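Hello,

Here is the structure I said I would pass on. My notes on it follow below.

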Amino acid sequence: MVDKEVPLIKAKKIPQKDVILDPKGFFVIEVDKKQSEIRVEYYSNVYKNKRIVSGILEKVLSGSKADALCDTIVKHVPDLLPAHYMYLGRELQNAQCALEKNTKYVQGGC
Amino acid sequence: MKDEYYPWGGEFTTCSAKGCVAVVILNVDYTPPDKVAIYGPLKTENIGIEKIVANVISNPNIRYLIVCGDDIRGHRSGSSLVALHKNGIDEQHRIIDAPGAIPFIENLNNEAIDRFQKQIEIANLIDVKKREDIDKIIDDCNAKSPPSFGEPYIAIRITPTATTLLDDKRALHSKIVMNYMGKIKKRGE
């Protein structure tokens, strides 16, 4: 006898071309090895002819740990798309690894 | 080095604050000598260019900007930087005659661009990749020993804010001292 059935969902990556850009803006992530920190710049979108062409720098967040940066982004940059927060979590973890292992970090796509 | 120099952080390396040369490295494996003021890569034709302009004009000792290496495919950011210096921007903030896909300047005002055009002389070494050729131009620029342009121009200032989170209960609890009866003896200061 089965009381309850729960779906098992196989993970599937959304192709880059199908990623929806966040209307709230975008982030530039850089590793500053001299300062031993990760710097995250938040930009609001600039549109020309209904196309995102650049951004206005709104906030800069810095820290050395991905978890602290994630918490701080959630607090200071609310209402992003859920997938955008998850992307930032992945990228910031990569950035932290690069900082700790002294390797090159290049921000990846979604 | 003055604290005001290079206010907009990025993937650049600073060397001699009194140096008169900045080097923009496009698609080339090259590390400039220590006598330059600052060097770093350029990737995008919008924010990447803005950062270079903001940081270069913050140090009035920088009088030459050398742009070297193969241009970035698609972005054409090196050529767009040269176009900004030559032509400025139009009323839509687009770099005039820039070949990049989206060469828009949104974080700098016209005064900053004007300052960039007046303070800096560009050495266009796009497509040049030989170390000795680039080093020679750096030496030639240094040999001219140009005077400082005057006061730094701070196009953007990133101001640190207080980092203590008042709603962080862990931080608050760590400052509370309880007595043996479980009553609060002292709260955090």
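**The sheet and its helices**

This is a predicted model. Helix α4 of chain B, residues 131-144, lies across β2, β4 and β5 of that chain and runs at about 175° to β4(B).

Those strands belong to an open sheet of five in chain B, ordered β1-β3-β2-β4-β5, with mixed pairing. β1 (13-14) and β5 (121-126) of chain B each have a single partner strand, so they stand at the edges and one side of each is left without a neighbour in the sheet. The partner of β5(B) is β4(B), residues 64-69; the two pair in the parallel sense over six bridges. Within this pair, Cys68(B) is opposite Leu125(B) of β5(B). Helix α2 of chain B (residues 77-87) also packs on the sheet, where it touches β2 (21-25), β4 and β5 of chain B, and its direction makes about 155° with that of β5(B).

**Contacts between the chains**

Twelve residues of chain B are in contact with twelve of chain A. On the chain B side, five of these are nonpolar, five polar and two charged.

Which residues does Ile158(B) contact, leaving aside its neighbours within four places in sequence? They are Val60(A), Pro7(B) and Trp8(B). Ile158(B) sits in the loop between α4 and α5 (169-173) of chain B. Pro7(B) is 151 residues away from Ile158(B) in sequence, yet their C-alpha atoms are 6.9 Å apart. Ile158(B) has 13 other C-beta atoms within 10 Å, so it counts as partly exposed.

Regards

Definitions and conventions. Residues are numbered from 1 along each chain as its sequence is written. Chains are lettered from A and ligands numbered from 1 in the order in which they are written. This is a predicted model: local features need pLDDT of at least 70, side-chain atom pairs count only at pLDDT 80 or more; totals for chains, interfaces and linings use all residues. Two strands pair if DSSP finds at least two bridges between them. Helices (H or I, at least four residues) and strands (E, at least two) are DSSP runs, numbered from the N terminus. Two residues are in contact if their C-beta atoms, placed from the backbone, lie within 7 Å. Axes are lines fitted to C-alpha atoms, for helices over the stretch in contact, and angles run from 0 to 180 degrees between N-to-C directions. Ala, Val, Leu, Ile, Met, Phe, Trp, Tyr, Cys and Pro count as nonpolar, Asp, Glu, Lys and Arg as charged, and the others, Gly among them, as polar. A residue is buried if 20 or more other C-beta atoms lie within 10 Å of its own, exposed if 12 or fewer, and partly exposed in between; C-beta atoms are placed from the backbone.
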